[in-house]
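Reader: Please show me how to read the features of this structure, one at a time.

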Amino acid sequence: MAFDSFQEFVQMGGYGFYVWLSFFLTFLVIAGVALDALIGRRRLQRQSRTLQRRRQRLSKRQQRQSSPVEESKR
Amino acid sequence: MWRWLHPYAKPEATYRLVDKLLPWFAALTAVSLLVGMVWGLAFAPSDYQQGDSYRIIYIHVPSAIFSMGAYFGMAVMGVIALVWQIKTAEWSIPAIAPVGAAMTAIALFTGAIWGKPMWGTWWVWDARLTSELILLFLYVGVMALYYAFDDQRTGAKAAAILAIVGVVNLPIIHYSVEWWNTLHQGATITKFERPSIATSMLWPLLISLLGFMLLTISLVMMRFKNELLRHELHRPWAQRVLGTAEESH
Amino acid sequence: MMNSWQLWRSVLVKDLRIAARRRSDALNPLLFLLMVVTLFPLGIGPGPDILARIAPGIIWVAALLATLLGLDRLFKDDYNDGSLEQLCLLPQPLAFTLTAKVAAHWLLSGLPLVILSPVLALLLNLPLDAWWALALTLLLGTPALSALGAIGAALTLQLQRGGSLVSLILLPLFIPLLIFATSAVENAGMGLAVQGQLAILAAISVLTVTLAPLAMAAAVRMSMN
């Protein structure tokens, strides 16, 4: 252990502000990138759901127009 | 039927592989980063010249190294995409670039914050910081080029070519320390036989390096999974993975 | 059937002939450069010491920007009228043929800069010892500017408004040239050795001019489909 007390650890020999600021910002950036990936997945889920709904609407319309035998091919 | 399906089997297999590996990488990232950071922040001795401010090294150096490592990886993917026309390699470029840019940004502002107590100003036009800034511009250029085209494949190829061209800049970045002898201290661990850093400080640094490498890979994997899904959104496997598959009726 | 060299020469001659017919296209970047260089004394003040101090940087930055200006027409006309596609289909290596277009671009933008450099040095009160160094750095560095610029132009061929994107992707690649060139001119002004910087500039130019055509060819082929 390089520090005698927790107080000293926080102060970092007078450089506490710089050390903790850089660690905090680093954490923020990494968390941001990870969060962006998670949000991206959510967005994809939404897009996929919209795509599905549109496809279902289309197939329903087709069902009404053509015979059900045609539909089962899909 | 099979001939039609075959080319599409590949992204799915890639996705399954990445999906299986990601938890392991994430766990290893967490462990190594935790060990590296706690060791570096609390247990490594303080530097006789720089005091405790040197502890920024445990994020500054790893992020700087893997900002370049990510760029190199992106260029390798670019070569694969251009030579063998593999689509998954093309899709990896938009997965790698933002992560690499984030690493570059971390290296930049930790360098600046470290510079404040050491040099007295936030920003010094020193060789390595400047090179990191150029690297950030390169990342921005690759991303802007990728998204500039209506056709994603053309955009990916253009970005791949630019990434390869930019790799020529990486040696310049690496040797810039020798070329422009400025305020920045010399490279710390280029020579493993006689490192200019004490062993008690070196070990946590090596662990942090491992942690940042795994972190970069994990973040790229997360984004890469999304890219795979994005391009295969109309395929049943992607819908199954996303849990939006058509209910059987 | 033309061999590669004959094709190279004909492409070069064609580009120069087109430039001779449309002189303003070739002259505008040079006039732009001259104006940028004029603006700095007006903005900073006519103090000869300051001007001499920052002259190498101003001239080189202006040269970089002027290079960007002339780039959109490098491949665009040939792309639009289909002759670039014909070049792709020829058995002669495309990368080699494209160097002719780079050479034409350099003759129209780089070489005039070298010739213009004494005037620029005069305007900015550059010391006598630095004149020749400035000319030499421009002579050694501008081929690399043209070659790198051609990559950017080829990459953005398909885009309607590629101008700002071209500067975004090219300026970072120009930076090493800027650093070594200006440091050479500064050293020359102080009577120090400049061989090192000039050698690096020459090395960068040789490397760029030999490797860039490969990237250019790949980018042009990419733009074709």
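The dialogue below goes through chain contacts, salt bridges, aromatic rings and backbone angles.

Reader: What should I know before starting?

Author: This is a predicted model, in which local features need pLDDT of at least 70 and side-chain atom pairs count only at pLDDT 80 or more, while totals for chains, interfaces and linings use all residues. Residues are numbered from 1 along each chain as its sequence is written, chains are lettered from A and ligands numbered from 1 in the order in which they are written, and side-chain values use heavy atoms, with hydrogens and water left out.

Reader: How many residues of chain A and chain B are in contact?

Author: Contact means heavy atoms within 4.5 Å. Here 34 residues of chain A touch 42 residues of chain B. Buried area is the accessible area (1.4 Å probe) that two parts lose on being put together, summed over both. For chain A and chain B this comes to about 3,400 Å², with 70% of it on carbon and sulfur atoms.

Reader: Which side chains meet in a salt bridge between chain A and chain B?

Author: In general, side chains of opposite charge can pair when their charged atoms come close. The rule for a salt bridge is a side-chain nitrogen of Lys or Arg within 4 Å of a carboxyl oxygen of Asp or Glu. Between chain A and chain B the count is 1 salt bridge: Arg223(B) meets Asp36(A), at 2.7 Å from N to O. Helices are DSSP runs (H or I, at least four residues), numbered from the N terminus.

Reader: How many salt bridges are there over all chains?

Author: The whole structure has 10 salt bridges over all chains. One of them joins Glu12(B) to Arg16(B), with the closest N and O atoms 3.2 Å apart. These two are 4 residues apart in helix 1 (residues 2–43) of chain B, so about one helical turn separates them.

Reader: Which residue forms a salt bridge with Asp19(B)?

Author: Lys225(B) does, with the closest N and O atoms 2.8 Å apart. Asp19(B) lies in helix 1 of chain B and Lys225(B) in helix 7 (residues 199–231) of chain B, so the pair ties together parts that are 206 residues apart in sequence. For accessibility, buried means under 20% relative accessible area, exposed over 50%, and partly exposed in between (1.4 Å probe, protein chains only). Asp19(B) is partly exposed at 31%, whereas Lys225(B) is buried at 11%.

Reader: What links Lys14(C), Asp15(C), Asp78(C) and Lys101(C)?

Author: A network of salt bridges links these four residues. Also in chain C, Asp77(C) forms a salt bridge with Arg22(C), the closest N and O atoms being 3.0 Å apart.

Reader: Which residues do ring pairs link into a cluster?

Author: Rings of Phe, Tyr and Trp (its six-membered ring) pair if their centres lie within 6.5 Å; planes under 30 degrees apart count as stacked, over 60 as edge-to-face and the rest as tilted. By this rule there are 10 aromatic pairs over all chains. Ring pairs join Phe17(A), Tyr18(A) and Trp122(B) into a cluster.

Reader: Where does Gln85(B) lie?

Author: Gln85(B) is in the loop between helix 2 (57–84) and helix 3 (87–119) of chain B. Its phi is positive, about 55°, although Gln85(B) is not a glycine. Asn125(C), also not a glycine, has a positive phi near 65°. Asn125(C) is found in the loop between helix 6 (94–123) and helix 7 (128–155) of chain C.
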